[in-house]
Each structure stands twice: as structure tokens, then as C-alpha cells.
Amino acid sequence: MKKAGILNRQLSGAIAELGHGDGVLVCDAGLPTPRGPRVVDLAFRAGVPSFAEVLDGLLDELVVEGATAADEVRAANPAAFALLHGRFPELTLVSHERLKRLSEDARLIVRTGEARPYANVLLHCGVFF
């Protein structure tokens, strides 16, 4: 049994399968998830677990070389934008519709219980060496 890190067996297993160049979408409870990518749904109640908790847990375990979010997050959810900009100073911003299209090619989608709009980010996996 693992003693630290992500304990959810579906999420831990999905992370172990990721490779360089794979996309991981971390999304709020309201974002429609496309057919195709593996989805690990962590949503329990509105706000639980939060986008920030899940994102930080993933960042503890993943090598991330870039991130993409919806431009709309700046005005609609300044707290989420500040969080994302703090974690990814070179955050790429695209339209929300473009982010939804990009999510179709993600290898993994992690749905949080976040109930604030536009709390979504597509992580681009890197390599540790």
C-alpha cells in the first residue's frame, strides 16, 4: 500500500501510464468531458475536492512542461487565474471553446468538485531528465 502521494487507485494508475507529451486536463465539475480520454472523477460535493487541491497534488507527482487554460478565467474567476499564473508563469491562454477541443486529445481528464467557472487547465507532461 502507498503511504504518500495520490492514494486514489484509478488516478495513481493513470498517472503511472503517462508519458512525455501527454495531456492531462484538470477540470471543474461543470466542464463537459469528451468521449475518448480516460476520466477519473474525484467530484464529491460542490467544491470538494477543490481545483487547487487536485492541481497541487498532481503537480507533486507530474513533470509538467507547460499548461493551457481558457482566457475567460481572467475575468470570470480571478482567484483561479491567480493560482494558475502563480504555478505557470508562462501559461498559454486560449478561448474556452478551443480548450474544450484540445481536451479531446488529452490522455487523462481529472474532474474535481470545483464549482467556480473556468477552473480548468490542460497540463502538458514533460520528462524528468
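Biologist: Is phenylalanine 128 buried or exposed?

Modeller: This is a predicted model, and the class follows from the computed relative accessible area. Exposed means over 50%. Phenylalanine 128 has a relative accessible area of 75%, so the residue is exposed.

Biologist: Which residue forms an aromatic pair with phenylalanine 128?

Modeller: The structure holds one aromatic pair. Its rings lie 5.3 Å apart, centre to centre, with 85° between the planes, and the pair is edge-to-face. The partner of phenylalanine 128 is phenylalanine 129.

Biologist: Why does phenylalanine 129 count as exposed?

Modeller: Phenylalanine 129 lies in the segment after strand 6, which spans 121-125. The cut-off for exposed is over 50%. Phenylalanine 129 counts as exposed because its relative accessibility is 77%.

Biologist: Which residues make the nonpolar surface patch of about 480 Å²?

Modeller: Both members of the aromatic pair, Phe128 and Phe129, belong to this patch.

Biologist: Where do the buried residues of helix 5 fall, seen down its axis?

Modeller: The buried residues of helix 5 are His96, Leu99 and Ser103. Seen down the axis, they fall within an arc of 55°, so they line one face of the helix. Their cover includes strand 1, strand 3, strand 4, strand 5 and strand 6.

Biologist: Which residues does serine 103 touch, not counting residues up to four places away in sequence?

Modeller: Serine 103 is found in helix 5, residues 96-103. Its relative accessible area is 2%, so serine 103 is buried. The residues it touches, leaving out those up to four places away in sequence, are Leu25, Pro34, Pro37 and Ile109.

Biologist: Which exposed residues are on the face of helix 4 turned away from its buried side?

Modeller: Helix 4 covers residues 78-87, and its buried residues are Ala80, Leu83 and Leu84. They cover an arc of only 95° around the axis, so they sit on the same side of helix 4. Cover for these buried residues includes helix 2, strand 3, helix 3 and strand 6. The face turned away carries Pro78 and Gly86.

Biologist: How many residues apart are arginine 107 and aspartate 22?

Modeller: Arginine 107 and aspartate 22 form a salt bridge, with the closest N and O atoms 3.0 Å apart. Arginine 107 is in the loop between helix 5 and strand 5, and aspartate 22 is in the loop between helix 1 and strand 1. At 40% relative accessibility arginine 107 counts as partly exposed, whereas aspartate 22 counts as buried at 17%. The pair links distant parts of the chain, and the separation is 85 residues.

Biologist: What N to O distance is found in the salt bridge of glutamate 61 and lysine 2?

Modeller: Glutamate 61 is in helix 2 and lysine 2 in the segment before helix 1, 59 residues apart. Glutamate 61 is partly exposed at 31%, and lysine 2 is partly exposed at 38%. A salt bridge requires the nitrogen within 4 Å of the oxygen. The N to O distance is 3.9 Å.

Biologist: Which residues does the cis peptide bond with omega about -15° join?

Modeller: Most peptide bonds are trans. Proline 49 is found in the loop between strand 2 and helix 2. The cis bond, with omega about -15°, joins valine 48 and proline 49.

Methods. Residues are numbered from 1 along each chain as its sequence is written. This is a predicted model: local features need pLDDT of at least 70, side-chain atom pairs count only at pLDDT 80 or more; totals for chains, interfaces and linings use all residues. Side-chain values use heavy atoms; hydrogens and water are left out. Patches are made of residues with over 30% relative accessible area and no salt bridge: like charges are joined within 9 Å, nonpolar side chains (Val, Leu, Ile, Met, Phe, Trp, Tyr) within 5 Å. Accessible areas come from the Shrake-Rupley method with a 1.4 Å probe; for residues, only the protein chains shown count as cover. A salt bridge is a side-chain nitrogen of Lys or Arg within 4 Å of a carboxyl oxygen of Asp or Glu. Helices (H or I, at least four residues) and strands (E, at least two) are DSSP runs, numbered from the N terminus. Buried means under 20% relative accessible area, exposed over 50%, partly exposed in between (1.4 Å probe, protein chains only). Contact means heavy atoms within 4.5 Å. The arc is that of the directions from the helix axis to the C-beta atoms. Rings of Phe, Tyr and Trp (its six-membered ring) pair if their centres lie within 6.5 Å; planes under 30 degrees apart count as stacked, over 60 as edge-to-face and the rest as tilted.
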